[in-house]
Amino acid sequence: MNNDEIEMVAGIRPDVPPYAPEAKGAARRGLTAAATGRRPLWRRPYTVMLAGALAVAAGVAVTVTVPERGVGGTEVVVAMPKIAPMSATEVLGRAARAAARSDLAPRDDQFVKVESQTMYGSFSGMGTDAEGNTESESRYLYRTKRAIWQSANGEKDGALKIEYLEPYAYPGWPIPQEAHKDRGTEWHRLSACGNTPDYMRTDYASLKKLPAEADGMRAHLYTGDRGGKSKDEAAWTAAGDMLRENYMPPAQRAALFEAVGTIPGVDVVLDAEDAAGRRGVGVGRVDQTGVRADLIFDSETYELLGERGVVVDEKAARSPAGSLVASTAQLSVTVADSPPEVKGDAAGCP
């Protein structure tokens, strides 16, 4: 049994289990994540503290395991600065001021184009096949380069280009044969989605209507039934849904960063790296699944670079502590008058 994130969210292929109707709006951001059992960093609620976060002030070194193609990985030791970390409020405040300087302004008839590089976990097994036989569990890290064109007002079909990169072993697990099934480049036409609840919409035109101050944005993050194990977890996930492969209007993005700093459990690590190798400051949140999820900001400009997931609780995550299990990099955000023409049926609305 494949454990996909949601219908066509964790994978562009529709071989997936049902998903709760109230959560399907948020899943629109994940239409975009591409394969069986694959779970984007914010979509999967796995945000637990990096092993070195508590050691930052003490100036000790921590080990982050970077996965390779085979079993295990290469250990990279990161020396943490011998200074006290900035607070999440300070980092996110600087990110808010940087966001306010953004100047893209797509019209309703245009498209937001985002190019990125991603690495997410793919999970399968731990179920039974059609004949009732138990399937073995497997995990690996699938890697892609992506370009997505999404309608600025959410009313037009978009496009998604996926270029598959060499997969990596999931730390502590042998790489399965199925990890190599995705090769080359795929194109998909993305259909407009008109039945998403207003509070879960993430198209530019809808985001522009959201509060432009922190208190109002925080209230929005806690609005409605967004799923998750807690309201705080759901708010963190909602924030990521507005940021990932997207462009949020400057005023609302600034308000969002300030609001995120008020979510319980959000804190800072001073040394984080995105999927493109760019280093910055990580702001993340702790959960109970054994992995810490970070937003990564440039340490000078405080622009958002990408995301990452690092194992902290080895038992809960079933992977060695310090392992990198998710990583993204937002490479460019531009405005286009139209998406590339893609033949074939459009991917259905989640």
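Is K145 buried, exposed or partly exposed? K145 comes out as partly exposed, because its relative accessible area is 38% and that label covers the range between buried (under 20% relative accessible area) and exposed (over 50%), using a 1.4 Å probe and protein chains only. Keep in mind that this is a predicted model, where local features need pLDDT of at least 70, side-chain atom pairs count only at pLDDT 80 or more, and totals for chains, interfaces and linings use all residues. Residues are numbered from 1 along each chain as its sequence is written, and side-chain values use heavy atoms, with hydrogens and water left out.

**The whole chain**
- The chain has 7 helices and 13 strands; these are DSSP runs (H or I of at least four residues for helices, E of at least two for strands), numbered from the N terminus.
- Out of 350 residues, 55% count as buried.
- Take the contacts (heavy atoms within 4.5 Å) with a separation of 6 or more: 67% of them link residues 24 or more positions apart.

**The nonpolar cores**
- A nonpolar core is a set of buried Ala, Val, Leu, Ile, Met, Phe, Trp, Tyr and Cys residues joined through side-chain atoms within 4.5 Å.
- The largest one here has 36 residues, and L221, L256 and F297 have the most contacts inside it.
- Several elements supply at least two residues each, among them α4 (214-221), α6 (250-260) and β10 (291-298).
- Helix α2 gives the most to this core, with 7 residues.
- Setting aside residues up to four places away in sequence, L256 touches M217, L221, A239, M242, L243 and M248.
- There is also a second, separate core of 11 residues, including V310, V311, L324 and V325.
- In soluble globular proteins, nonpolar side chains tend to be buried together.

**Back to K145**
- You'll find K145 in strand β5 (residues 138-151).
- Ignoring neighbours within four places in sequence, K145 is in contact with S116, Q117, K161, I162, E163 and L165.
- K145 and E115 are 30 residues apart along the chain, yet 7.5 Å separates their C-alpha atoms.

**A look at S124**
- S124 sits in strand β4 (residues 111-124).
- S124 counts as buried because its relative accessibility is 7%.
- The S124 side chain makes a polar contact with the side chain of S138, at 2.7 Å.
- Another polar contact, of 3.2 Å, joins the side chains of S124 and E178.
- A polar contact means a pair of N or O atoms within 3.5 Å; within protein, one must be able to donate a hydrogen and the other to accept it, and residues adjacent in sequence count only if both atoms are side-chain atoms.
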